[in-house]
Amino acid sequence: MATSDSFLMDSLSDSLLAAVTETSFYGPNHPPVAEKPPKPLTELNLPTAVINCYQRSGISHLFAWQAECLEKASASGKRNFIFSAPASAGKTIVSELLLIKSVLETKRKALFIEPYVSIVQEKSNYFRKLFSSLHLRIASYAGAGDSHHSFNNSHIIICTIEKANSIINRLLSNRDDLNEVGIIIVDELHWIGELNRGYLLELLLSKIIYYNQLQTSINPVQIIGMSATIPNLNQLAQWLNAETYETTFRPIPLEEYIKIESILYNKQFMPIRQLHLSDQWNQGDSEGITEIIWNVIEHNCRSVLVFCSTKHWCEVLAKLLAKNFRRIMDDKQINPLDKIKLEDVIEQLRRTPVGLDADLACSIPMGVAFHHAGLTIDEREIIENAYRANIIRVIVCTSTLSSGVNLPARLVIIRSPLQNGRCIDLSTYLQMVGRAGRKGYDDYAESILICSKKEVNLVQKMFEQQKTKPVNSCFFEAETHTSLKRALLEVISSGKANTKEQIISYIKSTFFYICTNSNKSTIDEQSTVDKCLSWLCDNELIHYIDKENIDNENNLRYEPTQLALAIISSSINPDDGLKLVVELNKAQRNLCLENDLHLVYLIIPQHLINSMLTTLDWNVFHTVWPTSAVEQHVAHLVGVNGMIVYKKAASLRIEKREYEEKLDAPRYARFFIALILNDLLAEKSICDIIRKYECTKSFVQQLQQTTATFTCIVQIFAERLSWNNLKQLLNGFQSRLNFGIKQELCELVRISILNACRARQLYSDGFTTIASLANGDVHELER
Ligand SMILES: Nc1ncnc2c1ncn2[C@@H]1O[C@H](COP(=O)(O)OP(=O)(O)OP(=O)(O)O)[C@@H](O)[C@H]1O
Ligand SMILES: [Mg+2]
């Protein structure tokens, strides 16, 4: 046995040995599947300029399936097209070629929709490089404050689902503007079934289908969708009236293992090998993950992704791995890592607005990082780039990284089959292991799912699913019909469906309509639509035009109110919009400006309040209850009472007239968040804030990012309602929240190398503006 296999087997028991197939952990245990030969790009009827772009990036052939798929899509003309291929099969190139052909041939814009902000950024950088010689303008829309100007001047627009929806709303509301778009590519089409954001994807595609039907023109907007995991592809095709293509081809063979105690099993639960892991190297790591990963780093010089179910687990495991790696390196007197480049990564992190995270500072020198939604976008980008460059070798992450980001791994480890107390489903599993082995990086790849004996049954059941769950519409999911109300408000506001008849015809363009009809659901869409229309009328979001002169109800015309237009332009759902308008209205008449507390209270999005409602610790709330008169005055203005907080903390009885859970709890949760933000903007240190409010750093960072984005939304909202004073008051808040700074530092942090801490230091030394820095003495500045 090669020395490099030291952590593996050598002590198989006789009974296991009989079952064990002869295989090496460092090589595939089945011969590669015979493939059809790849096809040269030159034989695919592509413009020479496009072929050159790919050849420059090292790609001269398409896999046989890619060529077949592209030919089928091209043959179907401008019809919609959806295709499915396993993770890492190479779907992206097919969609890129369809996109670029459309842009060059039709001279119309292309929208490329990705589910995550980080992927939008990755993709736009990649497109700019790939198509640099074609002189196309590429815009990306992901964060707050993207301008319409760049949309008008761009050929290719890469955006998140939310941004795509607001772009389409805007284009629809201007006559014929949607004609500017020739093609819409939807990556990860299965997101339609995602509970929280999926409905938005359905909503926007439904609008396109409806619009295409309205158009008598021969130039419909073409939809291309792709995904790794859609068992009911045909149902989606029926909805989109699309051609389909499916393949199971995977360019890199993947060995999937399940680890139970120290034995690796295959997916049929046949033992494959016994791991022999040393206690000395795996301290605090009963699963021996340290040594398994270390072998890949030392002997394969490759990288590893580890999926954990919570952010906290990611951080703990990353620190543990780093500690153990240090010990191994000291023992073996070797260091396979690039120390200088790792130091540079640390330096880049230090320069981000939030500064260097103490846990990352410990783990990165050992080539290990964690990656989850609690990190800022900048932090994540630095880590992803360093990982791609093989500088960081291990990323411990949550499942957010499993979708689409091109971070190849030689080995993927799933730390537990449980997520939020339930077994992951097959599609999540496939997405995660799909990160293993990327063409051009690996010849084969492996995955290990770590599972306890107790969890075996669950995992077996998960594999028995055979097929991933069908993708379903989330349109009518919630009891409150939030998605449907939003859908109706958007389509009415766009001016494309204003009569009852048109509205029903729009509803028939939804995936929901296809699902309910084929599943023989009992939901009565007519009456649900009626209920939602009445709700919109009652809340003064829509009204009838010319009601008196119309005899037939079907001919009534619905029009949006100013408030509805404000809600649509700020891309929030109508329920949240109504809550926001109540708070803003109240504040307009009675606003305390002595510090930031009242203003930050106004820029907290509803979803943050909802999640705080489930975690709010009243004891902590009681201990942080403000003692200053100004803050207590704000509490009074927003209707929050210290006595209630005290009673809640002490579990004392509260009269119904004083406090009603459903009505008042959101206001208290909101005030608690406002207190945290107020401290942050007063430049209290993150460490002090975490200690005071007993929350995590990632929570505070998430708070900063989300409220910074929401500030923009509130400003757009206020502007549409002509509440200009309020809008002005929020100027500068976005940058203040992102950096956690007082107003006076806003100018200095515009310099990219300055974070809050450095800017404060310079400010205290008298460098209060960019001009004063530019004129400053170099030696003094260096100090
Ligand atoms: N024809 C090709 N020749 C060489 N490499 C290719 C080719 N097609 C794709 N690849 C490479 O294969 C890798 C995986 O491709 P891609 O990201 O498109 O996978 P995917 O099917 O979108 O997977 P996922 O479902 O995980 O997003 C990439 O590194 C890509 O550069
Ligand atoms: Mg992909």
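Figure 1. Helices (H or I, at least four residues) and strands (E, at least two) are DSSP runs, numbered from the N terminus. Of the 17 residues, 15 are buried, so H8 is largely enclosed by the rest of the structure. Buried means under 20% relative accessible area, exposed over 50%, and partly exposed in between (1.4 Å probe, protein chains only). In the protein chain, buried residues make up 55% of the 783 residues.

Numbering and model: residues are numbered from 1 along each chain as its sequence is written, and chains are lettered from A and ligands numbered from 1 in the order in which they are written. In this predicted model, local features need pLDDT of at least 70, side-chain atom pairs count only at pLDDT 80 or more, and totals for chains, interfaces and linings use all residues, while side-chain values use heavy atoms, with hydrogens and water left out.

**Figure 2. The open sheet of 8 strands.** The strand order is E12-E11-E10-E19-E16-E13-E15-E14, and the pairing is mixed. Two strands pair if DSSP finds at least two bridges between them. Strand E12 (271-274) and strand E14 (368-371) are the edges, each pairing on one side only. Direction ignored, neighbouring strands of this sheet are turned by 25° against each other on average. Strands E13 (residues 304-307) and E16 (residues 411-414) run parallel, joined by 4 bridges. Val304 stands opposite Leu411 in E16.

**Figure 3. Helices on the sheet.** Helix H11 (residues 311-332) packs on the sheet and touches E13, E14 and strand E15 (394-397). Contact means heavy atoms within 4.5 Å. The direction of H11 makes about 175° with that of E14. Axes are lines fitted to C-alpha atoms, for helices over the stretch in contact, and angles run from 0 to 180 degrees between N-to-C directions. Helix H15 (residues 426-433) lies across strand E10 (254-260), E13, E16 and strand E19 (445-450). H15 runs at about 145° to E16.

**Figure 4. The packing of H29 with H30.** Helix H29 (residues 686-693) and helix H30 (residues 697-720) pack at an angle of about 110°, with axes 9 Å apart. That makes H29 roughly perpendicular to H30. Angles of 65 to 115 degrees count as roughly perpendicular. From H29, Ile686, Ile689 and Ile690 meet Lys697, Val700 and Gln704 of H30. By class, this contact has 4 nonpolar, 1 polar and 1 charged residues. Ala, Val, Leu, Ile, Met, Phe, Trp, Tyr, Cys and Pro count as nonpolar, Asp, Glu, Lys and Arg as charged, and the others, Gly among them, as polar. Glu694 sits in the loop between H29 and H30. Glu694 has a positive phi of about 50°, although it is not a glycine. Glu694 is exposed, with a relative accessible area of 61%.

**Figure 5. Two further loops.** Asn241 lies between helix H9 (233-240) and strand E9 (242-246). Asn241, not a glycine, has a positive phi of about 50°. Most residues other than glycine have a negative phi. Asn241 is exposed, at 51% relative accessible area. Pro115 lies in the loop between strand E4 (109-114) and helix H5 (117-130). Pro115 is buried, with a relative accessible area of 2%. Pro115 and Ile161 are 46 residues apart in sequence, but 6.0 Å apart in space, C-alpha to C-alpha.

Technical notes. Angles under 35 degrees count as roughly parallel, over 145 as roughly antiparallel, 65 to 115 as roughly perpendicular and the rest as oblique.
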